[in-house]
Amino acid sequence: MANTEQYDSILKNLVRNYAAYKPSHGQIESKALIDPESRQYEVLHVGWDGDRRVHGSILHLEIRDGKIWIQYDGTSPGIAEDLLKAGIPKESIVLGFHPAPLRKYTGFSA
């Protein structure tokens with residue numbers, strides 16, 4: 001359980017940090033969405049870029065079965081690098097956006 005609480009704290013900080021950045025164009029807000037009950041963490045962009053509506057996930061993370069699942073990553077160079085820098089081992093990170101049969105080739109948890 002200690003890992004889950006530690007991971008929760010790390011993910012909250014990372015999501016809030018990513019949400020603090022404002023996109024360089026348009027009238028777009030970044031929102032940190034954190035649901036501690038279901039252990040879901042997301043950064044959402046909402047607003048307008050000229051006459052184009054913007055509404056979408058930039059980052060979606062989840063703590064499941066004691067591991068951090070990266071469900072979607074629209075960041076650069078990638079949230080996995082930030083997780084590793086925060087001290088989370090590769091075997092505790094699942095690249096959920098890859099099909100299950102390919103995850104074993106990623107160097108992260110399958």
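Is Leu 14 buried or exposed? At 13% relative accessibility, Leu 14 counts as buried. That is a handy way into this predicted model, and the points below walk through some other places worth a look.

1. **Confidence.** The protein has a mean pLDDT of 95, and 98% of its residues reach 70 or more. Helix H1, residues 2–19, is where confidence is lowest, at a mean of 93, while strand E4, residues 67–73, has the highest value, 98.

2. **Leu 14 and its surroundings.** Back to the opening residue: Leu 14 belongs to helix H1. Leaving aside neighbours within four places in sequence, Leu 14 is in contact with Ile 79, Asp 82 and Leu 83.

3. **The nonpolar core.** The largest nonpolar core has 21 residues. Those with the most contacts inside it are Leu 11, Leu 61, Ile 70, Ile 79, Leu 83, Ile 88 and Ile 93. Two or more residues each come from H1, strand E2 (40–49), strand E3 (52–64), E4, H2 and strand E5 (93–95). H1 gives the most to this core, with seven residues.

4. **Leu 61.** Not counting residues up to four places away in sequence, Leu 61 touches Leu 11, Val 15, Arg 39, Gln 40, Tyr 41, Trp 69, Ile 70 and Ile 79. Leu 11, Ile 70 and Ile 79 are also among the core residues with the most contacts.

5. Thr 75 lies in the loop between E4 and helix H2 (79–85). With a relative accessible area of 14%, Thr 75 is buried, because the cut-off for that word is under 20%. Its side chain makes a polar contact of 2.5 Å with the side chain of Asp 73, and the Thr 75 side chain also reaches the backbone nitrogen of Ile 79 at 3.2 Å. Further along the sequence, with residues up to four places away not counted, Thr 75 touches Tyr 18, Ile 58 and Leu 59.

6. The peptide bond leading from Ser 76 to Pro 77 is cis, with omega near 10 degrees. Most peptide bonds are trans, so this is a spot to check by eye.

7. **Two positive phi values.** Most residues other than glycine have a negative phi. Arg 39, in the loop between strand E1 (27–35) and E2, has a positive phi of about 60 degrees although it is not a glycine. Asp 65, in the loop between E3 and E4, has a phi near 55 degrees, again a positive value in a residue other than glycine. Asp 65 counts as exposed, at 73% relative accessibility.

8. **Ser 30 in strand E1.** Ser 30 lies in strand E1 and is buried, with a relative accessible area of 17%. What does its side chain make a polar contact with? One partner is the side chain of His 45, at 2.9 Å. A polar atom of the Ser 30 side chain also lies 2.9 Å from the backbone oxygen of Tyr 21. Beyond four places in sequence, the contacts of Ser 30 are Ala 19, Tyr 21, Pro 23, Leu 44 and His 45.

9. **Rings and charges.** A search of the whole structure finds zero aromatic pairs. Charged groups do sit over rings, though: the charged end of Arg 64 is over the ring of Trp 69, 4.0 Å from its centre, and Lys 90 lies over the face of Phe 108, at 5.1 Å from the ring centre.

10. **Gly 96.** To finish, look at the segment after E5, where Gly 96 lies. Gly 96 counts as buried, at 17% relative accessibility. Gly 96 and Tyr 72 are 24 residues apart in sequence and 7.5 Å apart in space, C-alpha to C-alpha. Not counting residues up to four places away, Gly 96 touches Trp 69, Ile 70, Gln 71 and Arg 103.

Terms used. Residues numbered from 1 in each chain as written. Predicted model: local features only at pLDDT ≥ 70, side-chain atom pairs only at ≥ 80, totals over all residues. Heavy atoms only, no water. pLDDT = per-residue confidence, 0-100. Helix = DSSP H or I, 4+ residues; strand = E, 2+ residues; numbered from the N terminus. Buried < 20%, exposed > 50% of the residue type's maximum accessible area, 1.4 Å probe, protein only. Polar contact = N/O pair within 3.5 Å; in protein donor to acceptor, adjacent residues only side chain to side chain. Contact = heavy atoms within 4.5 Å. Phe/Tyr/Trp six-rings, centres within 6.5 Å; stacked < 30°, edge-to-face > 60°. Lys NZ or Arg CZ within 6 Å of the ring centre and 35° of its normal. Core = buried A, V, L, I, M, F, W, Y, C linked by side-chain atoms within 4.5 Å.
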